[in-house]
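Subject: Structure for you to look at

Hello,

Here is the structure I said I would pass on. Please open it beside this message and follow along; my notes come after it.

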Amino acid sequence: KGSVKFDPFVRLLKHGVDADIDIKAVAKQLVEIAAPVKGLKIFTVDSVLLSDAGAYIAQEIGMALAWGNEWMAQLTEAGLTADEAAKRIKFNMGISSNYFMEIAKFRAARMLWAQIVKQYNPECDCSCKMAVHAATSKFNQTVFDAHVNLLRTQTETMSAALAGVDSITVTPFDAQYKTPDEFSERIARNQQLLLKEESHLDKITDPAGGSYYVETLTV
């Protein structure tokens, strides 16, 4: 399992400049190259940049799903089946400090993505599963009391873990004003290990499932 970050749409989104490639042709070639590695995700929806730019949670979901649908359209038009296309797409999403809404965001995104993929008539329902990586926010970090960032990133990480994302990047607490050093990177890794080894969040399939509040936010 793993992923590479091929996303020519970022250039258009950030700079308003089209990618100087034939996206369909390159995408098909990449799928052929990666064929032996079944668990490798190739095509990225990178809505982290939207979150860090200040997008609200509903805006990030809407844009990310539209982005993912564009990938599905491009890939199926290139000759790939719906199953081949969907299984190669990965979502990179941001985590804001809105704790419960972020839990609901990831849960809702998975349900909505499954509905989008179903419209392409995949042969297997397993293709409707969303692969999502989460990254803690950068726009809300402070440089004046950097250790406060540890509290912010920890609650953000916890909300993503409770929502059942596949992987998480914790931004080191000093990343806003310098290149993170060995200590801050180790602390960032330990923040995830704390939730896994001491809070045991890896022992439960859906910790938020059945919560009236979270379920209401999700739907």
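Helix H2 (residues 23-34) packs on helix H4 (residues 57-77) at an angle of about 80 degrees, and their axes are 9 Å apart. That angle makes H2 roughly perpendicular to H4, because angles of 65 to 115 degrees are put in that class. On the H2 side the contact is made by Ile23, Lys24 and Ala27, and on the H4 side by Trp71, Gln74, Leu75 and Glu77. Sorted by class, the contact of H2 with H4 has 4 nonpolar, 1 polar and 2 charged residues. Please keep in mind that this is a predicted model.

Glu77, one of the residues in that contact, lies in helix H4. Is Glu77 buried or exposed? Glu77 is exposed, because its relative accessible area is 55% and the cut-off for exposed is over 50%. Glu77 and Ala134 are 57 residues apart along the chain, and their C-alpha atoms are separated by 29 Å.

Thr81 is in the loop between H4 and H5. With a relative accessible area of 40%, Thr81 is partly exposed. Between the C-alpha atoms of Thr81 and Glu123 the separation is 9.0 Å, although the two residues are 42 places apart along the chain.

Next is helix H6. This helix has 20 residues and reaches 30 Å from its first C-alpha to its last, close to the 28 Å expected at 1.5 Å a residue. The buried residues of H6 include Ile103, Phe106, Trp113, Ile116 and Val117, and also the charged residues Glu102, Lys105 and Arg107. What lies over the buried residues of H6? The cover includes H4, helix H5 (82-86), strand S3 (89-95), strand S4 (132-136), H7 and helix H9 (212-218).

One of these elements, H7, can be described in more detail. Helix H6 (residues 99-118) and helix H7 (residues 148-163) pack at an angle of about 35 degrees, with 8 Å between their axes. Their crossing is right-handed. H6 supplies Tyr99, Glu102, Ile103, Phe106, Arg107 and Arg110 to the contact, while H7 supplies Thr155, Met158, Ser159, Ala160, Leu162 and Ala163. By class, these residues divide into 7 nonpolar, 2 polar and 3 charged.

H7 itself has 16 residues, which should span 22 Å at 1.5 Å a residue. The C-alpha atoms at its ends are 23 Å apart, which agrees. Among the buried residues of H7 are Asn149, Thr153, Gln154, Glu156 and Thr157. The buried residues of H7 pack against S3, H6, S4, strand S5 (167-169) and helix H8 (182-197). After H7 comes Gly164, which has a positive phi near 85 degrees.

H7 also packs with H8, at an angle of about 45 degrees and with the axes 10 Å apart. That makes H7 oblique to H8. The crossing of H7 and H8 is right-handed. In this contact Leu150, Thr153, Gln154, Thr157 and Met158 of H7 meet Ile187, Gln191, Gln192, Leu194 and Leu195 of H8. How many residues of each class does the contact of H7 with H8 have? There are 5 nonpolar, 5 polar and no charged residues.

Some residues in loops are left. Thr171 lies in the loop between S5 and H8. Thr171 counts as buried because its relative accessibility is 6%, and the cut-off for buried is under 20%. Neighbours within four places in sequence aside, Thr171 is in contact with Thr136, Ser137, Lys138, Gln141 and Thr153.

Asn121 lies in the loop between H6 and S4. Asn121 is not a glycine, but its phi is positive, about 55 degrees. With a relative accessible area of 64%, Asn121 is exposed.

His200 is in the loop between H8 and H9. The phi of His200 is near 60 degrees, again a positive value in a residue other than glycine. At 42% relative accessibility, His200 counts as partly exposed.

Regards

Terms used. Residues numbered from 1 in each chain as written. Predicted model: local features only at pLDDT ≥ 70, side-chain atom pairs only at ≥ 80, totals over all residues. Heavy atoms only, no water. Axes fitted to C-alpha atoms, helices over the stretch in contact; angles between N-to-C directions. Helix = DSSP H or I, 4+ residues; strand = E, 2+ residues; numbered from the N terminus. Left-handed = near helix turned anticlockwise from the far one by under 90°. Contact = heavy atoms within 4.5 Å. Parallel < 35°, antiparallel > 145°, perpendicular 65-115°, else oblique. Expected span 1.5 Å × (residues − 1). Buried < 20%, exposed > 50% of the residue type's maximum accessible area, 1.4 Å probe, protein only.
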